[in-house]
Amino acid sequence: MATKNQSLGEFIIENQSDFQYSSGELSRLINSIRLAAKMVNHEVNKAGLVDITGSAGEINTQGEDQQKLDVFANDTFIRTLTNRQIVCGIASEENDDFITIEGERKDHGNKYVVAMDPLDGSSNIDVNVSVGTIFSIYRRVTPVGTPVQLEDFLQPGNMQVAAGYIIYGTSTMLVYTTGNGVNGFTLNPSLGTYYLSHPNMTFPENGTIYSVNEGNYVHFPQGVKDYIKYCQQEESDRPYTSRYIGSLVSDIHRNMIKGGIYMYPKSSKAVDGKLRLLYECNPMAFIAEQAGGKASDGYQRIMDLKPNELHQRVPFFCGSKNMVDKAEEFMSKYPR
Ligand code: AHM
Ligand code: MG
């Protein structure tokens, strides 16, 4: 039972048995993420003070300019998860390939793999806008005791055992699910402790916010253009309000609290959209569904897509159920 103001540590212990494979490992894993998130939070908060922002001069896997804090966040999460010997493999948006972790006895004995985007929305750091970390946890499918394989990561989202995000915003929050609803914890920075501030988070069934990069409008498929026009029409609760931060975690977090839809459709410029199925869409979809919302690629459930590659991109529609249903209705009028 989620009790407001409970600390995250107490909550994890109390709810350990909710988790179907309760062996304590998943709790340790969430604990490590909580620790790494505190370290990243500390750096993100200093971003304006020290010369840490800006490009690290490296180009990441997708050819994007990498920021220094991306590197720090990536290293911190990987180091923490590796040192604590809880997972057998990590796939990160910032690395070309997945990382294999042998485990304490060098026996590849750990059961879980993590897919993560260590610092999403990092183009916003320089301008003091909220950024986030997104993580997704699976049980490996290859035998325990052998090195982790690509297929352990290429599981559909419906196989996730836990997922969550950290939002480094006006306050820092960790929001996660293990398949028993969604709970949000706010960091008390002076104590370094997360407290349950948002128990049982739920997406309102309807909403009045739409979040999309409308600068790409002319490149969107006709179904998306029609839906955007629908959002803007004068009718009962419409026009809806347009809100787009350009930081996925922040946009979805706001929409989950207030009711809304987030869209990153494919376009003639980006034929598969921009967001990554493993690191961004699946974890956000798991959270959205656990909160009573919906996530789709415009035609079908995100979490039923079978990934073909680690860095696969996919169109993404996520938010209040009735809004995503409506967007799909418009999309279905045109061929894919
Ligand atoms: P990133 O992983 O390189 O930070 O990109 C993902 C981000 C999302 O947080 C955000 O919703 C989207 O990219 C914004 O893209 P755009 O600037 O094209 O609207
Ligand atoms: Mg990202």
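These legends accompany close-up views of one predicted model.

Residues are numbered from 1 along each chain as its sequence is written, and chains are lettered from A and ligands numbered from 1 in the order in which they are written. In this predicted model, local features need pLDDT of at least 70, side-chain atom pairs count only at pLDDT 80 or more, and totals for chains, interfaces and linings use all residues, while side-chain values use heavy atoms, with hydrogens and water left out.

View 1. Domain 1 spans 8–198 and domain 2 spans 209–331. These bounds come from an automatic or database domain assignment. The C-alpha centres of the two domains lie 23 Å apart. To the contact (heavy atoms within 4.5 Å), domain 1 gives 49 residues and domain 2 gives 32. About 2900 Å² is buried between the domains, 62% of it on carbon and sulfur atoms. Buried area here is the accessible area (1.4 Å probe) that two parts lose on being put together, summed over both.

View 2. One salt bridge is counted between domain 1 and domain 2. The term requires a side-chain nitrogen of Lys or Arg within 4 Å of a carboxyl oxygen of Asp or Glu. Glu93 and Arg276 form a salt bridge through their side chains, at 3.6 Å from N to O.

**View 3. Surroundings of ligand 1.** Sixteen residues lie around ligand 1, and Asp120, Tyr244, Leu248, Tyr262 and Tyr264 come nearest. A residue counts as near if one of its heavy atoms lies within 4 Å. A polar side-chain atom of Tyr262 is 2.6 Å from an oxygen atom of the ligand. For Asn213, a side-chain N or O atom lies 2.8 Å from an oxygen atom of ligand 1. For Asp117, the corresponding distance is 3.5 Å.

**View 4. Backbone exceptions.** Most residues other than glycine have a negative phi, and most peptide bonds are trans. The bond from Arg238 to Pro239 is cis, with omega near 5 degrees. Pro239 sits in the loop between helix H5 (222–232) and strand E12 (241–242). Asn5, not a glycine, has a positive phi of about 75 degrees. Asn5 belongs to the segment before helix H1 (8–14). Helices (H or I, at least four residues) and strands (E, at least two) are DSSP runs, numbered from the N terminus.

Terms used: Polar contact = N/O pair within 3.5 Å; in protein donor to acceptor, adjacent residues only side chain to side chain.
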